[in-house]
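Here are my notes on the two ligand sites. Please check them against the model as you read.

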Amino acid sequence: MGKKIFSGVQPTGNLHLGNYLGAIKNFVDLNNDNDNECIFCVVDLHAITVKQDPKILKNNIRETVATFIASGIDPKKGIIFNQSSVAAHAEGAWILSCVARMGWLNRMTQFKEKAGKDKEKASIGLYSYPVLMAADILLYDATHVPVGDDQKQHLELCRDIAQKFNNDFKVDNFLRVPEPLIQNEFSRIMSLKDGSKKMSKSELSDLSRINLTDDRDQIINKIKKAKTDPLPMPQDVKELNHRLEAKNLLVIYSSLTNSTIENSIKTFMGKNFSEFKERLAAELADKIEPISKEIKKLLEDKKYLDEILLDGVEKANLIANKKIERIKEIVGF
Ligand code: AMP
Ligand code: TRP
């Protein structure tokens, strides 16, 4: 049976290789399978949990749509829309925030990381963010949610919220409890400058990530400058536990070439990093440069991108409004 897929990406600019290998590449495969119904959401309500420049945000929304399409998602085969244009997300998030418990949210590690030392100054939205994410998913009865490994905890929370709602209001299976789809080995791409930190849009140094808008020269240069260690390439998987930068580059290579880590290790064991880096840079440039060019081309046609969103919003509203009406009835409004 086909799956009902829902996932979201924040329009906060600088979409990078981690987003691509951890999430978007998987969206494309799921979207290509005609048995699946796919909904991909540009989560602009999530983006404003930290300060955004309004003018830049508007462009970043379009850039996220352009990235989906340039990566291979066919808008005719699924729904691409932005969250703030479907009011049911905000309404659903409020109702679910009365179901979710403080104790559950207090455990969320992403909030702790993003809020940093001064939690008192973090927005309330940043704290309740996973409840909005639960509303996103549950409004569409999604069966599967493809995400990177950093979102696993939020999905578990979503499952808890769905189950508690169903129990509290005695509506068995009304909110569908979704399954995460996380690509085990490749679900966390790390910074090119520090193998213990995840590749991230917010990292100051641009050399720490490959942006999906980088050109061939930038990609090759970033791989040349990527951190490694003085030893030759690893001989077996066990070595990767204490050679995080080597591990990350091998993960990236394996994911790009659809091979296993073990096979990639065999191909390069004992060789110098420089030889491996040359191969990796070529693979990356071949994969990312066409996407980068296509994003830039699509961004010149704002009208086309806006039309895709409008069409998606219309379709998403139909589904989400039905569900939120039932939710309101159930809670007694
Ligand atoms: P975000 O940009 O935070 O909205 O993330 C969009 C998607 O990319 C989510 O499914 C994340 O789990 C995934 N993602 C973000 N950063 C990484 C990374 N460094 N490695 C793997 N997946 C990532
Ligand atoms: N929180 C996700 C992230 O930061 C984005 C997101 C919002 C999402 N709503 C979602 C992902 C629903 C999957 C399903 O990456």
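1. Start with ligand 2. Tyrosine 129 places a polar side-chain atom 2.5 Å from an oxygen atom of ligand 2. Polar contacts here are pairs of N or O atoms within 3.5 Å. The protein covers 91% of the 370 Å² of accessible area that ligand 2 has on its own (Shrake-Rupley method, 1.4 Å probe).

2. This is a predicted model: local features need pLDDT of at least 70, side-chain atom pairs need 80 or more, and totals for chains, interfaces and linings use all residues. Residues are numbered from 1 along each chain as written, chains are lettered from A and ligands numbered from 1 in written order, and side-chain values use heavy atoms, without hydrogens and water.

3. The shell of ligand 2 holds 13 residues, with Gln10, Tyr129, Met133, Asp136 and Gln151 nearest (a heavy atom within 4 Å). Helix H7 gives the largest share, four residues. H7 is a DSSP run of H or I, at least four residues long.

4. Now ligand 1. Its shell has 17 residues; Gln10, Gly148, Asp150, Ile189 and Lys201 are the closest. Helix H1 (residues 17–32) supplies the largest share, four residues.

5. Backbone atoms meet nitrogen atoms of ligand 1 at glycine 18, 3.1 Å, and methionine 199, 2.9 Å. Asparagine 19 brings a polar side-chain atom 3.0 Å from a ligand 1 oxygen. Of the 480 Å² that ligand 1 exposes alone, the protein buries 93%.

Note on methods
A polar contact is a pair of N or O atoms within 3.5 Å; within protein, one must be able to donate a hydrogen and the other to accept it, and residues adjacent in sequence count only if both atoms are side-chain atoms. Helices (H or I, at least four residues) and strands (E, at least two) are DSSP runs, numbered from the N terminus.
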